[in-house]
Amino acid sequence: MSRLGHVKRFYELLSELEQRSPGIHRLADCHAQMRWPKRGVYFFMENDEIRRDSGAGPRIVRIGTHALKAGAKSTLWGRLSQHKGQLRSGGGNHRGSIFRLVVGTALIRRDGLEYPSWGRGSSALSEVRDREKPLERRVSEVIGNMHILCIAVEDQPGPNSLRGFIERNSISLLSNHIRNAIDPPSTSWLGHDCNREKMRSSGLWNTNHVDERYDPSFLDTMATLIRKTGD
């Protein structure tokens with residue numbers, strides 16, 4: 001099967017997942033009381049990013065998971081909440097979320113903003129965070145308006161995690177980095193203004209795994225997991 005055929009099957013599987021799971025939700029509407037699996041893989045979609053080649057519907061713009069290191073304790077919702085930030089208060093911490101960092105960097109570049117402290121250091125003084133709050137609020141709005149779909153993968157943290165297997169192969173399958181583009185981003189996609197070349201060229205808010213070859217067998221693994229969803 002060609003890469004296009006694999007991409008089509010990938011989206012068919014996500015459509016099946018949507019029917020079997022709680023479905024697709026706007027991240028801003030999500031909260032801790034929802035029935036999140038403890039561990040899983042998440043897929044982000046943006047409203048104006050539509051597939052052009054593999055069928056109808058929104059295209060995936062970011063894929064991620066959590067707790068891949070042995071002994072890691074983070075949960076699926078814990079990771080998503082880091083990306084979401086606090087929309088009402090304008091809070092958020094881009095130093096704890098690469099996704100927030102790169103979205104903010106793209107907003108800075110696109111709109112000519114001045115935030116010289118953005119992305120500097122793993123922590124910051126409260127006065128620095130206060131100056132960054134307007135941009136954190138905008139980042140929360142951008143990411144909060146994205147929709148997510150999650151697949152439960154309740155395995156243990158570690159280098160052989162199925163979550164890691166699904167994450168990296170999903171990214172490498174959808175990535176257009178140094179390839180003929182399938183479902184390329186729209187001309188208005190904010191990611192075009194990201195300062196990371198691999199994100200711009202891949203069409204994804206990801207850098208890891210965008211230049212790797214994918215293993216088509218991960219689609220069979222996804223299919224097995226999805227068909228257990230809701231049972």
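## Helix α7

In helix α7, which spans residues 218–228, the buried residues are F218, L219, M222, A223, L225 and I226. The model described here is a predicted one. An α-helix has 3.6 residues a turn, so residues three or four places apart point the same way.

Just after α7 comes G230, where phi is positive, at about 85°.

Strand β2 covers residues 40–50, and eight of its eleven residues are buried, so the strand is largely enclosed by the rest of the structure.

Which strands does β2 pair with? With strand β4 (residues 147–152), β2 is joined by six bridges, and the two run antiparallel. With strand β3 (residues 58–64), the pairing is also in the antiparallel sense, over five bridges.

## Helices α1 and α5

Two packed helices are described by the angle between their axes and the distance between the axes. For α1 and α5, the angle is about 130° and the axes are 10 Å apart. The two helices are therefore oblique to each other, and α1 passes α5 in a left-handed crossing.

On the α1 side, the residues that meet α5 are R3, H6, V7, F10 and Y11. On the α5 side they are S170, L173 and L174. Sorted by class, this contact has five nonpolar, two polar and one charged residues.

## Residue H6

H6 belongs to helix α1, which runs over residues 3–20. Is H6 buried or exposed? Its relative accessibility is 10%, and because the limit for a buried residue is under 20%, H6 counts as buried.

Leaving aside neighbours within four places in sequence, the contacts of H6 are M1, L173, Y214, P216 and L219. Of these, L173 is in the part of α5 that α1 meets, and L219 is one of the buried residues of α7. H6 and L174 are 168 residues apart in sequence, while their C-alpha atoms are 9.4 Å apart in space.

## Residue S175

Where does S175 lie? It is placed in the loop between α5 and α6, the latter being 197–202. S175 is buried, with a relative accessible area of 0%.

Beyond its neighbours within four places in sequence, S175 is in contact with R3, S202, L204 and V210. R3 is also one of the α1 residues that meet α5.

## Helices α2 and α3

A further helix pair is α2 (residues 76–84) and α3 (residues 98–111), which pack at an angle of about 20° with their axes 8 Å apart. That angle makes α2 roughly parallel to α3. The crossing of these two helices is right-handed.

Which residues make the contact between α2 and α3? From α2 they are R79, Q82, H83 and K84, and from α3 they are I98, F99 and R100. By class, two residues in this contact are nonpolar, two are polar and three are charged.

Technical notes: Residues are numbered from 1 along each chain as its sequence is written. This is a predicted model: local features need pLDDT of at least 70, side-chain atom pairs count only at pLDDT 80 or more; totals for chains, interfaces and linings use all residues. Side-chain values use heavy atoms; hydrogens and water are left out. Helices (H or I, at least four residues) and strands (E, at least two) are DSSP runs, numbered from the N terminus. Buried means under 20% relative accessible area, exposed over 50%, partly exposed in between (1.4 Å probe, protein chains only). Contact means heavy atoms within 4.5 Å. Axes are lines fitted to C-alpha atoms, for helices over the stretch in contact, and angles run from 0 to 180 degrees between N-to-C directions. Angles under 35 degrees count as roughly parallel, over 145 as roughly antiparallel, 65 to 115 as roughly perpendicular and the rest as oblique. A crossing is left-handed if the near helix is turned anticlockwise from the far one by less than a right angle, and right-handed if clockwise. Ala, Val, Leu, Ile, Met, Phe, Trp, Tyr, Cys and Pro count as nonpolar, Asp, Glu, Lys and Arg as charged, and the others, Gly among them, as polar. Two strands pair if DSSP finds at least two bridges between them.
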